[in-house]
Every structure is written in structure tokens, then in C-alpha cells.
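Thanks for asking me to look this one over. My notes follow as numbered points, with the structure placed just ahead of them.

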Amino acid sequence: MTIKEEFVDEINVLKMFDLSSTQLGIKVHHDAENSVLEATQRLFNKGLISQSDGGYLTGLGRDAAVHAKDLLTILSTA
């Protein structure tokens, strides 16, 4: 199974969130790269974030971000 570039972009957006608090969100500005803007919109459409330009992680989004962080930690361990 090949990982689509769109999924990589979405994971990169999820990585932007600080998982230490549910009160910390992000704002993706209109002049961000198109891949980031599109990934953010897709995450919003999937119900993982609260706003189309970032906002906060939803419950499902927080779960996804934690799993993404864990996977990246495992893969980057030598």
C-alpha cells in the first residue's frame, strides 16, 4: 500500500497541533502553501479539526494526531 501525498500533507498539519492541551489550536493563513490549505480543508471536512483554517482538534482529530505522533516516533527510532 502506497501512502498518498494527500495523507502525508494531512499528517503534517496534524503535527502542527500541540497535544499538551486541548485549548491550543492553530491558524493556517491564506498565504500558506496550497498543499497545507487543502490538507487543512480535508481535515475539517473529515471532522478532525473544528475550522476550515485550523482551529482546534476534535476528539477524533486528537486521537488521529496522537497516533500520527506515535507512528512517527516509532519510525524515527534507530
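Predicted model: local features only at pLDDT ≥ 70, side-chain atom pairs only at ≥ 80, totals over all residues.

1. A word on helix packing first: axes are lines fitted to C-alpha atoms, for helices over the stretch in contact, and angles run from 0 to 180 degrees between N-to-C directions.

2. The protein chain has a mean pLDDT of 95, with 99% of its residues at 70 or more. Which elements sit at the two ends of the confidence range? Strand β1 (residues 26-27) has the lowest mean pLDDT among the elements, 94, while helix α2 (residues 34-45) has the highest, 98.

3. Back to the contact of α1 with α2. From α1 come Glu6, Asp9, Glu10, Val13 and Leu14, and they meet Ser35, Val36, Ala39, Thr40, Arg42 and Leu43 of α2. By class, the residues of this contact are five nonpolar, two polar and four charged.

4. Helix α3 (residues 59-76) packs with α1 at an angle of about 100°, with the axes 9 Å apart. As a result, α1 and α3 are also described as roughly perpendicular to each other. On the α1 side the contact uses Ile11, Leu14 and Lys15, and on the α3 side Gly61, Ala64, Ala65, Ala68 and Leu72. These residues divide into six nonpolar, one polar and one charged.

5. How many salt bridges does a search of the whole structure find? There are three. One of them pairs arginine 42 with glutamate 10, where the closest N and O atoms are 2.5 Å apart. This pair links distant parts of the chain, with arginine 42 in helix α2 and glutamate 10 in helix α1 (residues 5-15), 32 residues apart.

6. Lysine 46 is partly exposed, with a relative accessible area of 41%.

7. Another salt bridge joins aspartate 53 to lysine 27, the closest N and O atoms being 2.3 Å apart. Aspartate 53 lies in the loop between β2 and β3 (54-57) and lysine 27 in strand β1, so this pair ties together parts that are 26 residues apart in sequence. Aspartate 53 is partly exposed, with a relative accessible area of 26%. As for shared partners, salt bridges join Glu10, Arg42 and Lys46 into one network.

8. Threonine 40, in helix α2, deserves a look. Its relative accessibility is 1%, so threonine 40 counts as buried. What does threonine 40 touch, leaving aside its neighbours within four places in sequence? The contacts are Val13, Val28, Ile49, Ser52, Asp53 and Gly54.

9. Isoleucine 26 is found in strand β1 and is buried, with a relative accessible area of 17%. Not counting residues up to four places away in sequence, isoleucine 26 touches Val13, Met16, Phe17, Asp53, Gly54 and Gly55. Valine 13 is 13 residues from isoleucine 26 in sequence, and their C-alpha atoms are 9.4 Å apart in space.

10. Last, threonine 58, whose place is in the loop between β3 and α3. Threonine 58 is partly exposed, with a relative accessible area of 24%. Apart from neighbours within four places in sequence, threonine 58 is in contact with Gly47, Leu48, Ile49 and Ser50. Threonine 58 and phenylalanine 17 are 41 residues apart in sequence and 11 Å apart in space, C-alpha to C-alpha.

Key. Residues numbered from 1 in each chain as written. Heavy atoms only, no water. pLDDT = per-residue confidence, 0-100. Helix = DSSP H or I, 4+ residues; strand = E, 2+ residues; numbered from the N terminus. Salt bridge = Lys/Arg side-chain N within 4 Å of Asp/Glu carboxyl O. Buried < 20%, exposed > 50% of the residue type's maximum accessible area, 1.4 Å probe, protein only. Parallel < 35°, antiparallel > 145°, perpendicular 65-115°, else oblique. Contact = heavy atoms within 4.5 Å. Nonpolar A, V, L, I, M, F, W, Y, C, P; charged D, E, K, R; others polar.
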